[in-house]
Amino acid sequence: MLHLLFLVPILPFCGFVVLALFGRWFDRRQVAAIGVGSIGLSALFALLVGFDFVIAPPAGDHFSQSLWTWINVGGFSPHIAFYLDSLSVIMILVVTVVGFLIHVYSAEYMEDEPDGYARFFACMNLFVGSMLTLVLADNLLLLYLGWEGVGLCSYLLIGFWYTDPANGRAARKAFIVTRIGDTALLVGLLLLFTKLGTLQIQPLMQLASERWVVGSSITVAAAGLLLGGALGKSAQLPLQTWLPDAMAGPTPVSALIHAATMVTAGVYLIARMNVLFTLSPVIQTTVAAVGAGTLILAGFSALTQRDIKRVLAYSTISQIGYMFLAVGVGAWSAAMFHFMTHAFFKALLFMAAGVIILGLHHEQDMFKMGGLRKQTPLVFWTFLAGSLSLAALPLVTAGFYSKDAILAGAWASDAGGRWLWAAGLGGALLTGLYTFRMVFLTFFGQVQTPFHLKPGLRLLLPLVVLAFLSIVAGFLDLPRTLGNQPWFSDFVHTSLPETKEIAGSVERNLQIVASLASIGGILLAYYFFLREPGFVRRLMMTPLGAALHRFWFVGWGFDWAYDNLIVGTYVRLARANRADVFDLPMRGIALINQAGHIVLSRTETGRLRWYATSVAFGAIVAVGIVVFVT
Amino acid sequence: MASIPMEQGLLLAGVLFAIGLTGVLVRRNIIFVLLSLEVMLNAAGLAFIVAGYRWGQPDGQVLFLFVLTMAAAEVSVGLALVLQLHRVFKTLDVDVASRMRG
């Protein structure tokens, strides 16, 4: 069954090609059938392959499939080849299954769009295909192809409603900011290739651990450059500014690309290149610090947003911060576990928010929502399940188990583990607070805008499935203190290093503290936003409160700083260089050529006798040179 | 039979070649241009024959036969061009046909 692996990424590409070339001649039902069907089949094959992989693990716990040689030049011959190990099994299962549910949802969500239905599904299919290429790639060049492919689809889909210039701006911002990271990644790949002579991931890791010393400057440079790429793609400090603006795209896009899959590519990259990061402890600590910083900063920003999608966007940045924290402290399986549970509950939250947005005629301001609990009970209950999982309600939600594993890993880390743990704990409190602020503002209180939508089966079914997964996925990896059934960690450890263990009693205490933090966050939200809304209002009246609110609302002023320091400087430089001095040598060459052309074209008189004279003169000169000079 | 010195033969060839060239350059009537061209060809042929005679080799005369054949072919093309020129421009002045100036 494993040899069917190639179908998993190929099918979405086929769907893309059919829809991109012939989409305009299909009606909506046919477009949806092709767009959703290709991902459905891909998910089916991914499940078959994954099932086979788990039931009968191949030799060495990995399976490679080489399709053809991509390039063959001077000893450099990357293949189009897929590498399947437990890490990529988890990735392809999450990408295809969550991707399929989001496609089903989009089929109804996008139905009322006047045009672009086929374009939407073509881009979505291309995205899933690129993402699968990224996670299955056997060499870094193919990974980079997938990496750029998902970036392109992100750009195309953020700017899906291209008639509004603001959306185009958001799309360009996302593309350019991630491009900064991508450039670092590309330089990193070139560095690895020049130093180690191969781009195939497994031999590369082998060579790196054999030839390079722990902490040497070359490992720091290579891991640092790869980290740059991961920071851009995963919207971490200091390149996180693009993700909140990326919410300009349709909601299914936010769910698929900007929550569940693409933005976690950075975590995947670090996990995939774990040997390199283990070789450079400085960079790995940086990863953890960046994750901890990002999760706190984004948590505060999420707390002040009015737009429900922006709350979720900041929440995504914050949760990916947790994943970075996990890989930074070497809790590899915890990072992948949080990736999986986050994909479930965040896709669910985005899609439930999407139903609400549709029902309120594209109203996204939470302060204009309210009382939706009675109007759309099913959406409320599924949204609540996702929120509880995000806020990590103890024992019954998936988010609890994954976040707990990360916090335990942070505590066990040698490099400032207590601080990282404290940041993660603060983040847990913040997560409960902003999540339930969102829940209370949206679903409780007075009805502000009437809800006009009878959501169909295709909108609701994915919500129910994901709500189920957001709750039960946690039981895949029960910690030692609670059941001791770490199926997920055991599976991940066939391809990633083991996590450092901590004592069982310490783990239990940590769990109790973390549970208190998340429940405390939920209760605080209840108190501030449902019982005593006046308190927050009074707090915001005070000068300090207002200033902080403003500061967090704009995302800690990063956009302002970048606009003024980098964009502004660049624009001023471009203005100053209006005459384009750097191009002068180039233009000089062009001018000389042009002048020569004018002179020579004068000699073309069209007169036969003039030409004969030239020939004769030339012959005389040539003979003269032969006779007199040589 | 007294042999002619090579210098005189080459001189004659050179003079003929110069006369032909001058004709090509100064005449405007295309028929005279073609005639002058023939003179140049024959001057070159004469040089070949003189050289061949000087070295006692038949190559010079062989080459002249080739030149003759080529000249015949050239004349047929040339005359066709003359007819065409006359038909299009109603004149035989080569300077009129200068449409391809840069």
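A polar contact of 2.7 Å joins the side chains of B:Asp95 and A:Arg609. The pair also meets as a salt bridge, with 2.7 Å from N to O. The model is predicted.

**The A–B interface**

B:Asp95 sits in the segment that follows helix H3 (59-89) of chain B. Is B:Asp95 buried or exposed? B:Asp95 counts as buried, because its relative accessibility is 11% and the cut-off for buried is under 20%. Setting aside neighbours within four places in sequence, B:Asp95 contacts A:Arg607, A:Arg609 and B:Arg28.

Eleven residues of chain A contact 13 residues of chain B. About 910 Å² is buried between the two chains, and carbon and sulfur atoms give 59% of this area. On the chain A side, A:Gly606, A:Leu608 and A:Arg609 lose the most area to chain B. Together they account for 50% of what that side buries.

How many salt bridges link chain A and chain B? The count is one. Three residue pairs are in polar contact between the chains, both residues being at pLDDT 80 or more. Helix H27 (residues 608-629) of chain A gives the largest share of the side that touches chain B, namely six residues. By type, that side of chain A divides into four nonpolar, four polar and three charged residues.

**Domains of chain A**

Chain A is divided into domain 1 (332-531) and domain 2 (579-629). The centres of these domains, taken over C-alpha atoms, are separated by 77 Å.

Side chains of opposite charge can pair when their charged atoms come close. Over all chains, the structure holds 13 salt bridges.

| Pair | N to O distance | Relative accessible area |
|---|---|---|
| A:Arg272 and A:Asp85 | 2.8 Å | A:Arg272 6%; A:Asp85 3% |
| A:Arg179 and A:Glu148 | 2.6 Å | A:Arg179 30%; A:Glu148 17% |
| A:Lys233 and A:Asp182 | 4.0 Å | A:Lys233 0%; A:Asp182 2% |

A:Arg272 and A:Asp85 meet in a salt bridge. A:Arg272 lies in helix H11 (residues 265-272) of chain A, and A:Asp85 in the loop between strand E2 (79-84) and helix H3 (86-109), so the pair ties together parts 187 residues apart in sequence. A:Arg272 is buried, and A:Asp85 is buried too.

A:Arg179 forms a salt bridge with A:Glu148. This pair links helix H6 (residues 165-196) of chain A, which holds A:Arg179, to helix H5 (residues 140-158) of chain A, which holds A:Glu148, across 31 residues. A:Arg179 is partly exposed, whereas A:Glu148 is buried.

A:Lys233 and A:Asp182 also meet in a salt bridge. A:Lys233 is in helix H8 (residues 217-233) of chain A and A:Asp182 is in helix H6, so the pair ties together parts 51 residues apart in sequence. A:Lys233 counts as buried, as does A:Asp182. A network of salt bridges links A:Glu148, A:Arg179, A:Asp182 and A:Lys233.

A:Phe339 is found in helix H15 (residues 332-359) of chain A. A:Phe339 is buried, with a relative accessible area of 1%. Which residues does A:Phe339 touch, not counting residues up to four places away in sequence? They are A:Ile90, A:Met91, A:Val94, A:Ala260, A:Thr264 and A:Met323. A:Phe339 and A:Thr261 are 78 residues apart in sequence and 8.7 Å apart in space, C-alpha to C-alpha.

A:Gly545 lies in helix H24 (residues 543-553) of chain A. A:Gly545 is buried at 17% relative accessible area. Not counting residues up to four places away in sequence, A:Gly545 touches A:Leu539 and A:Met540.

Terms used: Residues numbered from 1 in each chain as written. Chains lettered and ligands numbered in written order. Predicted model: local features only at pLDDT ≥ 70, side-chain atom pairs only at ≥ 80, totals over all residues. Heavy atoms only, no water. Domains from an automatic or database assignment. Contact = heavy atoms within 4.5 Å. Buried area = accessible area lost by both parts, 1.4 Å probe. Salt bridge = Lys/Arg side-chain N within 4 Å of Asp/Glu carboxyl O. Polar contact = N/O pair within 3.5 Å; in protein donor to acceptor, adjacent residues only side chain to side chain. Helix = DSSP H or I, 4+ residues; strand = E, 2+ residues; numbered from the N terminus. Nonpolar A, V, L, I, M, F, W, Y, C, P; charged D, E, K, R; others polar. Buried < 20%, exposed > 50% of the residue type's maximum accessible area, 1.4 Å probe, protein only.
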